[in-house]
Amino acid sequence: MPDSVTQGCPAQGRPTSGRIICAGLGPGDPELMSVRADRLIRSACHVAYFRKAGRAGQARRIVEGMLAPGVIEHPMEYPVTTELPVDSPAYRDALAGFYDSWAARLTDLARTQDVVVLCEGDPFFYGSFMHLHTRLQGHVALEVVPGMTGMTGCWNVTGIPITWGDDVLTVLTGTMPEAELIRHMQATDALVVMKTGRNLPRVRSALALTGRLEEAWLIERGTMPGQRVIRLAEAHDDDCPYFAIVLVHGHGRRPERAQGDEP
């Protein structure tokens, strides 16, 4: 595991016992972070965050300029990301060992210190922290600060309501088999597809087979620098970053304008 980035702690009293606090960062724009998460991050002495080896990490980029001078950083580098199939035993074993090790390290650190763990979006919505949370239960004091989900930020930047009236909203992942994507797409009104990236061709195919491709939007890096909002039909399969979401807006029940009302 990588060593912590240590510059010394901010000048503040050290607690006799600590907590692990996971702060949801929201969809990417720091101004969309909760007041509570902002306060905790700015006053933190220890900050941990997930990242791919050799990368700064999206969570760390979001809080750039917010950390206190001398904060001690703990980058948690994934041992594997896309190098192995996600359903392979080798992938599962590597990730399980990674989460086990970091749960133990954070527990040991939290015996005397508060540790703030950064998480994009909301920690309990497809967040990597969930895998630590299950391992930390009963071993250390835990707190989770909710965050605005990435999909919320993305459907807002389209400028179109995602649901109307009695619309049913379904959230899928691009890692699902195409047959499962099709089954769910056929049974819903509004649609969000997470984890697109290299799975975009499968998502596009499923949308085309259900007759919904022309309705779909691709939002890349929603609310972040480099944001792009385009029709999925106009996007290229080889030009889709990890931080991208596919949306299909609902068209359900809505009140008609009263006669004579201005548009």
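The model is predicted: local features need pLDDT of at least 70, side-chain atom pairs count only at pLDDT 80 or more, and totals for chains, interfaces and linings use all residues. Residues are numbered from 1 along each chain as its sequence is written, and side-chain values use heavy atoms, with hydrogens and water left out.

**Aromatic rings**
- Rings of Phe, Tyr and Trp (its six-membered ring) pair if their centres lie within 6.5 Å; planes under 30 degrees apart count as stacked, over 60 as edge-to-face and the rest as tilted.
- The count comes to 6 aromatic pairs.
- F50 and Y78 are stacked, 5.5 Å centre to centre with 10 degrees between the planes.
- This pair links distant parts of the chain: F50 is in strand β2 (residues 46-52) and Y78 in strand β3 (residues 72-78), 28 residues apart.
- Strands (E, at least two residues) and helices (H or I, at least four) are DSSP runs, numbered from the N terminus.
- F50, Y78, F98 and Y99 form one aromatic cluster.

**Charge over a ring**
- R105 lies over the face of W102, 4.0 Å from the ring centre.
- The rule asks for NZ of Lys or CZ of Arg within 6 Å of the ring centre and within 35 degrees of the ring normal.

**E178**
- E178 lies in helix α6 (residues 178-186).
- Beyond neighbours within four places in sequence, E178 is in contact (heavy atoms within 4.5 Å) with R202, S205, A206 and L209.
- E178 and V47 are 131 residues apart in sequence and 39 Å apart in space, C-alpha to C-alpha.
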